[in-house]
4 protein chains.
Amino acid sequence: MASPARHFASDNAAGIHPEVLAAIAAANEGHALAYGADPWTAAATSLFRTEFGDSSHAFLVYGGTGANVVALGALLHPWESVVCAATAHINVDECGAPERFLGSKLMPLPTPDGKLRPDVVRAAVTAVSIDHAAHHVQPRVISISQSTEYGTVYRLVELRALSALAKELGLLLHMDGARLANAAAALDVPLRAMTADVGVDVLSFGGTKNGAMGAEAVVFFDPARDVAVRFGRKQAMQLPSKMRFVAAQFEALLQDGLWRRNALRANRMARRLAEGAAAVPGVTITKQVDANAVFARLPRERIAALQARRFFYVWDEAASEVRWMCSFDTTEQDVDDFVSELRDTLA
Amino acid sequence: MASPARHFASDNAAGIHPEVLAAIAAANEGHALAYGADPWTAAATSLFRTEFGDSSHAFLVYGGTGANVVALGALLHPWESVVCAATAHINVDECGAPERFLGSKLMPLPTPDGKLRPDVVRAAVTAVSIDHAAHHVQPRVISISQSTEYGTVYRLVELRALSALAKELGLLLHMDGARLANAAAALDVPLRAMTADVGVDVLSFGGTKNGAMGAEAVVFFDPARDVAVRFGRKQAMQLPSKMRFVAAQFEALLQDGLWRRNALRANRMARRLAEGAAAVPGVTITKQVDANAVFARLPRERIAALQARRFFYVWDEAASEVRWMCSFDTTEQDVDDFVSELRDTLA
Amino acid sequence: MASPARHFASDNAAGIHPEVLAAIAAANEGHALAYGADPWTAAATSLFRTEFGDSSHAFLVYGGTGANVVALGALLHPWESVVCAATAHINVDECGAPERFLGSKLMPLPTPDGKLRPDVVRAAVTAVSIDHAAHHVQPRVISISQSTEYGTVYRLVELRALSALAKELGLLLHMDGARLANAAAALDVPLRAMTADVGVDVLSFGGTKNGAMGAEAVVFFDPARDVAVRFGRKQAMQLPSKMRFVAAQFEALLQDGLWRRNALRANRMARRLAEGAAAVPGVTITKQVDANAVFARLPRERIAALQARRFFYVWDEAASEVRWMCSFDTTEQDVDDFVSELRDTLA
Amino acid sequence: MASPARHFASDNAAGIHPEVLAAIAAANEGHALAYGADPWTAAATSLFRTEFGDSSHAFLVYGGTGANVVALGALLHPWESVVCAATAHINVDECGAPERFLGSKLMPLPTPDGKLRPDVVRAAVTAVSIDHAAHHVQPRVISISQSTEYGTVYRLVELRALSALAKELGLLLHMDGARLANAAAALDVPLRAMTADVGVDVLSFGGTKNGAMGAEAVVFFDPARDVAVRFGRKQAMQLPSKMRFVAAQFEALLQDGLWRRNALRANRMARRLAEGAAAVPGVTITKQVDANAVFARLPRERIAALQARRFFYVWDEAASEVRWMCSFDTTEQDVDDFVSELRDTLA
């Protein structure tokens, strides 16, 4: 099979980081009890604790949608709702899995850049009467993506403000960290600084877009959530049988900071791409490039020709806005070649 | 990390077959679009079609519980029920995921050996009035496991009888084929002989227990089910992002009959174990050994000591019945050593 | 429209007791806020507290299936199951509404007479491992019907034994009291003696079969359940808008012991019917007649002719067993006429 | 109990129209089979057919939220979504019952007056890719309220345009007709002109706000929806046992045009109120008064004093907008007194 080229369609178009693959191979010896009763899962769990603090508990799952649904399920009754950005993955890209599985309603709010602001959340939540006749779903969780679907990153001060608001309003805080590594690399902080330290209640943590083959986790910080996550994971069909191979992937990513190196590389390539593209006449960078995504407006009639050379997605048809994602294996050559193609195509 | 020994706890305690791991590594080149728009998924899908016939359609998923739920969801309205053996995985071991996700009721029926018989199904189904006031859930699907949770295998004539009954009663037929390879090896028939050829409507097909790292599929035979499987898979959180690596596993298993070689080996080891164990005083083999499972009754007070040497599960505490599973990597030495340990422990 | 005759099909074939209808008419004056913020609901709630004790809270709902689902929903997480008699209304006659709305599994157990016994419950519950890998739904609620679907009534000592078992096993106790009035009349005890006093956690209390037009309630005894019942009632589509007219029905039933008079009459008619029928050659009374139901075995070939004269339901086709229900308006003449018809038809 | 005054809180604050109560009383004779197998239900069903056409089928239910959920459930798979006005009852006032019971997502759209316009619907629907990877819920139903929650009424030409759009986009049309009578009275057309004749697929039809004690119906026009409505009604806990008394209410409303007289009166009172209030300095009527609702902006600091004299609801706290509802029993005296109170309070 001919080798497919590297492109900018998504960070899940990349393959497996060689160290992750090696870890899978190394875990392939002898028999191990399924469903997590194995030494690799114990080791990965311990590494999670090192990253996220002693009060953290990590449960491994198959996928990102599954992680979000299990995480939210540990926080919600079915009559409680989730406040999120209208662009949130849980709202747009999960085919309604949260509503289907949890029965709960989402309350999507418009944002300019994928980031929820406290004043917008406060207005939306306080507009819903906490009524005794029970006509209205009751806001219970603020869910934010870090980094966001627009490649922007919440600053620590922004996270603290949202967390304080949550406490004030009696809400809980969920973080969709499918790209948490990119955010940590962008802010140059440890993973716990954006999660446990700012009062996140439950986190969906992503390995797949960071270089794993397929490895996600639900991390929570209050042992009282253990039962809901444990049984929710199984009911949500997210309990891997040969779990040692999911665990081994996390071991590889978490052990020597591979997650950070991978994220730094992807972020750096995104900045390089944004700078190169911004210099091409006809291209406007539309969102702040905090992490590994570049959003740009292009002349509509040239998009197809550019995609034909190297694939990427149109994000907003009406606005002629496209998305370019960088990943752990994007090279400077890839970026520079693509900028040349861009210059060619738009000339 | 010290190498864990091989034991008889489950066929998902085994690791990855070397050819499967090699296929994963071989698929790890360049970028590929996520969610199945990649050449490996196309190739695996084509191999499925070769095995299951031109009218078949295979959708890859993460896990076995997920496969069953997606499969049943493509057949059921929420007011329709599933007739199954009381011992069925969907009834006992999926933590109620079918009820949770589908809202449907299961109708578990007692069996001596995990196999549903037409007369028992007929009696149960016809006892439910097809009423117009809608008080009763309406039986709609017969779900059978091939091979069963007791390691027994439906003969083709038995499958045909159940399929004929389903047609007569206006029901559909689901097969939980988490161990379909073992059944095919046992019967010495192609996969399609037990599925498409006998009128199965939707199949859950398992790769994981056959030597994959984690690879399951939903296979259906009527293109009208495409939409329900497609969207059900996503909503059930069973759509792998880097799907090429699930596809590569199936390619390895399906390409040159690796699935059959693996299953034959596991089945042969189970027969060897059953024969060896049967000769040990105090051991009674309790179920017919058709595939890769051996069920035996042991003196209750010796079980813990035996487990301490090599782990396995007690299946029925009250009956002092245990389960020993063989897998693709079980060796004659493993079996013979275990029989010796058994003889020692029971002496 | 010609007046339909009285028959023995069901106690919900009866109409509205005149005092209940008068109460509805009396409540029909002026405007009242909807959804329970009205004086009639306050008065009915207070009467419930008088009957069930100061720690009780009653929420009015539309129907019996709705009451059961709301009640169970206040006790269960979706991974928790309900142990009940195989004949329970929640298992047989609610078209899977509990599974559909709650996502939970029922664990039906066989009984000779509709009454769960502690030893059967204990065996079923302890057979399910409280496992950490979360493969199995976790038993959480014992649900019993008082009186049962077979017209039998739990004695106080039996209720205390089930309640003690529930506490021992960490379970909660739900009572389907669609015919609680008949049970209280049969045992000659106050309503609270069978509920609050024996440790019932949540009760479905039925007015409809006792002479109301349509009035049911969920009664709980722990204020911590208030939120789950309040929002569960609305989400389960069980919040009546003009609630004053549901409340007025309960006022009529609860105020001067009308509920007990109605139940005593129905029970007495059932005993009269059972005695009369037992004396007819060919008739065997099959269940103990504790409350207002009579179950009998009849010659199969005479059933249709008898139904043509006065309608009733065949309960168990295979056993040629029929059910005759008496209601608050059944007269001695009705019973005696029916016994004559029975004698005629079977002669 | 002292007679509560008439106010403008809601049309469900009114009681039962005397003719409806008389019909309930008239139906209270003898025994009738439960769940709809009775002559009153047959008669009501026939009257529905007269109103809505020979291809219509009416199923009686308890409440309005239940009617909407059963109606939508007959149109949707769980991966399909409902486009509705952000102000729709299903979106705001049903405590998430549609999401909870159906698992489906709503797609609320902003409107100035509660009425969906084709261009807004088209833009929202076409923005969702009909994707093969199944990431996005698929729009399937347009749900509109007639009259709307803002008391506005779709003209026939507007309904036809939405229906044509639905057909063009492959969508179905649901109408929440909790106040359909008021709309029909406003437009001076038969009920079928706004429903069957313009291509509505399933209708929720309300009797309660029109003078019933509690009577709603699901009306559909394609016999293929029979099974889904029939079983959905039972699973949604919306199958009344003593259904004759729900049917009798509809008989009273539908027989001699009582529904229209009641609606005309309520609408006329709303116009009188709007005209009277508009003449009071400080009052601005904010929405077009098509049916029986009046929305007005008042000086914020006078609202409580006015509510203390005669209760009503503040609709939009931020906008200082209140809602006054008229009902079948509102008198000219009530309106004139209230306008006087308004004038007094605002003076």
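This briefing covers aromatic ring pairs and charges over rings in a predicted model. Local features need pLDDT of at least 70, side-chain atom pairs count only at pLDDT 80 or more, and totals for chains, interfaces and linings use all residues. Residues are numbered from 1 along each chain as its sequence is written, chains are lettered from A in the order in which they are written, and side-chain values use heavy atoms, without hydrogens and water.

**Ring pairs**

- Over all chains, the search finds 58 aromatic pairs. Rings of Phe, Tyr and Trp (its six-membered ring) pair if their centres lie within 6.5 Å; planes under 30 degrees apart are stacked, over 60 edge-to-face, the rest tilted.
- Phe48(A) and Phe52(A) are stacked, at 6.1 Å centre to centre with 20° between the planes.
- Both lie in helix H2 (residues 39-52) of chain A, 4 residues apart, about one turn of the helix. Helices (H or I, at least four residues) and strands (E, at least two) are DSSP runs, numbered from the N terminus.
- Phe48(A) and Phe52(A) are buried (under 20% relative accessible area; exposed is over 50%, partly exposed in between; 1.4 Å probe, protein chains only).
- Phe52(C) and Phe205(C) pair edge-to-face, at 5.6 Å and 75°.
- Phe52(C) is in helix H2 (residues 39-52) and Phe205(C) in strand E6 (residues 202-206) of chain C, so the pair ties together parts 153 residues apart in sequence.
- Phe52(C) and Phe205(C) are both buried.

**Ring cluster**

- Phe8(A), Phe312(A), Trp324(A) and Phe338(A) are linked into a cluster by ring pairs.

**Charges over rings**

- The charged end of Lys115(C) sits over the ring of Tyr154(C), 5.8 Å from its centre. The cut-offs are NZ of Lys or CZ of Arg within 6 Å of the ring centre and within 35 degrees of the ring normal.
- Lys115(D) lies over the face of Tyr154(D), 5.8 Å from the ring centre.
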